[in-house]
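Please walk me through this structure.

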Amino acid sequence: MAHETHKSNKPADTNEAPGKSKKSTAYDPVCGMKVKTPSEYYLELDGKVYEFCSEKCMHQFANEPQKYRKSDGANSAAYNSTNYGLQKLKLPIVDMHCSSCAITIEKEINKLPGIKSSNVNYANETAYVDYDTNKTNTEDIIEAIKKAGYKTGRSVLKLGIQGMHCGSCVSQIEKELGNTKGVLSASVDLGTESAIINYIPGQIDIAEIKRIIEKLGYKTYLAQGYKSVKTPSSRDKQEKEPVGKEIKEEIEEPADENQAAREKEYKTLMKKFIFAAVLALPVIFFSYPTVWGLPEQFQMGSPVLRYIWIAMGLLALPVMFWSGSQFYTGAWAAFKNRSANMHTLIATGITAAWLYSIVATFFPQIFPEAELADQFFDVVFVVVALVVLGMALELRAKGKSSEAIKKLIGLQAKTARVIRYGKETDIPVEEVVLDDVIIVKPGDKIPVDGILIDGTSSIDESMITGEPIPVEKHKGDEIIGATINKTGSFRFKATKVGKDTALSQIIQMVEQAQSSKAPIQRVVDQVSGYFVPAVIIIAILSFVAWYLFGPVPQLIYALIVFVTVLVIACPCALGLATPISLMVGVGKGAENGILIRSGAALETAQKLNTIVLDKTGTITEGKPTLTDVITSNGFDEELVLSLSASVEKSSEHPLAEAIVKGAADKNLVLSDTQEFNAVPGHGVEAVVNDKKVLLGNLKMMQKFSIQLDNLEETSSKLADEGKTPMFIAIDGKSAGIVAVADVIKEDSIQAIEKLHKLGLEVVMITGDNKRTADAIARQVGIKRVLAEVLPEDKAFNVQKLQNEGKKVAMVGDGINDAPALAQADIGMAIGTGTDVAIEASDITLIKGSLKSVALAIELSKATMKNIKQNLFGAFFYNGLGIPIAAGLLFPFFGILLSPIIAGAAMAFSSVTVVTNANRLRKFKPKF
Amino acid sequence: MALDQIIVLIAGLSLSTWVAWYFWFSEKKVVKVVTGSGGTQEAIIKVKGGYSPDVLEFETGKPIKLNFIREETAACSEEVVFSDFNKKATLTPFKTVSVELEIDKPGEYGFQCGMGMLKGKLIVR
């Protein structure tokens, strides 16, 4: 690397403008010290000025410039002061997906005062900003970038600080850090004795931040939680990966990390379980000497047994504080927050059992009766072992519940083969920009959404739409990213990249829905706030009741009841019941091309009793197709069609397009037309191949006095079927009729039948005339038709149905029907291609088929049933378990639970809830 | 009634009353979050068996950023859910995970872990 060294005389471009001297400090890249600029010592390298505190630093830099320059690469930010108080800022940006992002960011930055120039480079994801330090600051620029929807590549540092005693220490550190260049924000927490510092790497480093704090007289240490927000763009790694490997390494980095954490937690829990369980065996053995018929010296009251008890009491400590450590930490944390949870219950229960046993072991003489001096160490061992095992199993099962979203995330392709500079290049999918032309070979995963421009193929879209049969794609067809190309090679133009792709939107929607709350959950929420403290109170009162009224030995019974009540109560089952089923249900929907927006939507969907279907595009294909060609006067069918198509060729009317397409499908050759003339409200006339052709309605034929014979009758019959007939006359003689209609989608009839079977009333709504509407309704088996409804009145009509006391779902496209979708109890947007996140819809059906409507309703019914089962189970379990544990059955049947049984029941009740929710994963569409 | 019984009765009743008061009726400590220089109300929430702080107060209309630091691997706290806003974040242990919100309507908005065992509250004024 070429560089020149200078000494002494001031470099021209660091000259200061008069009156702006205060702001100008630079940082020595070697020692990190503040240097007054312009400094006596400086170097210029690749057009950048580096300033130093001393000659020594300058030489050090000159010898190994790369070492000190490494932090001002594209991944970090850098400042560079220039003359006239201008600051040159270089900021890395995260999550830029297209070149248009750059413009958005620039626009937002330019809105700030004092910006001289801003330039965002998409290729290296960096913003270069020149700004006036007196008018704006780095923070504002970062805010502007954030406002544009992007993040800057800054780092967050969590630093432990020792020696703070008061609030003023906090503000002192915050102030000092706030005034430090490169630190974006610093917040110091006295309670946790730590600081969270947002900073720009490259401008300042951890060592420097620590030095600043230490200078103020505090000790620092690195706390856990250091994180660089800009993940070292995994781009470089990906480029080296062979394309074929992509499917295996699908899950994104953060998901992996969480997965790893979960895996680790599972292993730890299992170790804790095994430890407690192994120790529990001898403890149980010596706890029931009469049961096993042990010799005299191991029976109650013997000195040998006393030593064994002491050993058990000591062994219980690692079980409580290692195997059961989470109970204590969890309980304590909750207690500090004045709340209580499962951990509180278990921790209190086992502590009570242990304390009593210890007193019985060491001070048996304080008990009035010898039999009271018994121990319950076995309870500690077994309850800890079982509950920990339950937690581990629950963790395993929960991992499965969130599989759907993981699968979706894993669908994303990693690379794309695009044409850049006329060459085919493999690039990471993040670098694909709008309008890129992408080449797809058979077997390839399609990287982004777009439109096919060259070639044909069949594509497996099952992962997005749930449709198992590959879809034929031709020029002009929409291509969905993350689907798999089957047979042909083709090129397509990217129309949606990054966060805008259908897949990204789907993932976002599913995540949102999974985190929403189903209204049914409200009951649980109300209960759960009171649940645990209520259980504690019940346990205390049971203790008192047994002590006062129970049989001898009262103290023992009272203690058993107290511990059993605490251990058997399972708030987890209650808390898990709804969210876990919702997660599985919503995920299952996504697998089948049904995107449910929220838990509320899911809950309402199963209460529906009326489905309003928009005709055009929902029941029907939404575009007219040639259906009939009828000839008369001996004209040939092909001639009639080719002449009609030739005449209509130059028209852009959808009906005309249908005729032209109909002719093209039959491989007919179209001819040029002369003397083309459109007769408004009638039809068209033209000369084709020296033949005078008239094409139009009845009025057109009457106008030219064409003899129609029985064609008129045929025409009205076609109209009754919902078709649009057009007469054709050749050289003054009627030649036949071409009829065009919006045909019904293949599976509409079947789907509507299914909806009827589900007990739903199906209503058709359309702007079309009654005759056409009735014809379609007859064919699909719909009895109630709302025809000739203006688009703006659709919502009103939905409301009218609601006023009849019905729960109404409206199914339509997301654009024209948006008001009606919003009005309905459930709006379902159908067949929207890659545009999946439709605001007005509660449920989006990616697949264009009406079957999805039935499926969505079935799925929501299945999910709600599952939730109810879970809730019932959880309430029933707790509602029954707690009174029995309290000994309610004892006076009548002499039944009293042992705390060990309670522990087992508690551990498996939450596992049961998760397992039940996982049954939903087996939900299969019944078509 | 014997003396020991009276003691147990009184102790039991008063303990129950204390439990009810402590968990249900006592005032929770509210942490007021101040607006940072960037206009964002930023707070750090430590996640360990609970959220600390768990009751945070914000101003309406200004962006809110909650930095969660999960200092445990116990799976309970793996997820934090803001069901009022359909937002959810998976908290990676020992990492800072931020949740950004902007609340325009004053009120109290709860947040909780995936299964509702750990709870917190945002008070927006």
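**A guided look at the model**

A:Glu265 is buried, with a relative accessible area of 6%. Buried means under 20% relative accessible area, exposed means over 50%, and partly exposed lies in between (1.4 Å probe, protein chains only). This is a predicted model: local features need pLDDT of at least 70, side-chain atom pairs count only at pLDDT 80 or more, and totals for chains, interfaces and linings use all residues. Residues are numbered from 1 along each chain as its sequence is written, chains are lettered from A and ligands numbered from 1 in the order in which they are written, and side-chain values use heavy atoms, with hydrogens and water left out.

A:Glu265 sits in helix H8 of chain A, residues 253-287. Helices (H or I, at least four residues) and strands (E, at least two) are DSSP runs, numbered from the N terminus. Contact means heavy atoms within 4.5 Å. Setting aside neighbours within four places in sequence, A:Glu265 is in contact with A:Leu395, B:Thr73, B:Ala74 and B:Ala75. A:Leu395 is 130 residues from A:Glu265 in sequence, yet their C-alpha atoms are 8.6 Å apart.

Follow chain A past H8. A:Tyr288 is in the loop between H8 and helix H9 (289-292). A:Tyr288 is partly exposed, at 32% relative accessible area. Together with A:Phe285, A:Val291 and A:Trp292, A:Tyr288 forms a nonpolar surface patch with about 390 Å² of accessible area. Like charges are joined within 9 Å, and nonpolar side chains (Val, Leu, Ile, Met, Phe, Trp, Tyr) within 5 Å. Accessible areas come from the Shrake-Rupley method with a 1.4 Å probe; for residues, only the protein chains shown count as cover.

Now turn to chain B. Here 4 strands form an open, mixed sheet in the order S3-S2-S5-S8. Strands S3 (51-52) and S8 (96-102) stand at the edges with a single partner each, so one side of each lacks a neighbour in the sheet. Two strands pair if DSSP finds at least two bridges between them. S2 (residues 41-47) and S5 (residues 63-70) run parallel, joined by 7 bridges. B:Glu42 stands opposite B:Lys65 in S5.

Definitions and conventions
Patch = residues over 30% accessible without salt bridge, like charges linked within 9 Å, V, L, I, M, F, W, Y side chains within 5 Å. Salt bridge = Lys/Arg side-chain N within 4 Å of Asp/Glu carboxyl O.
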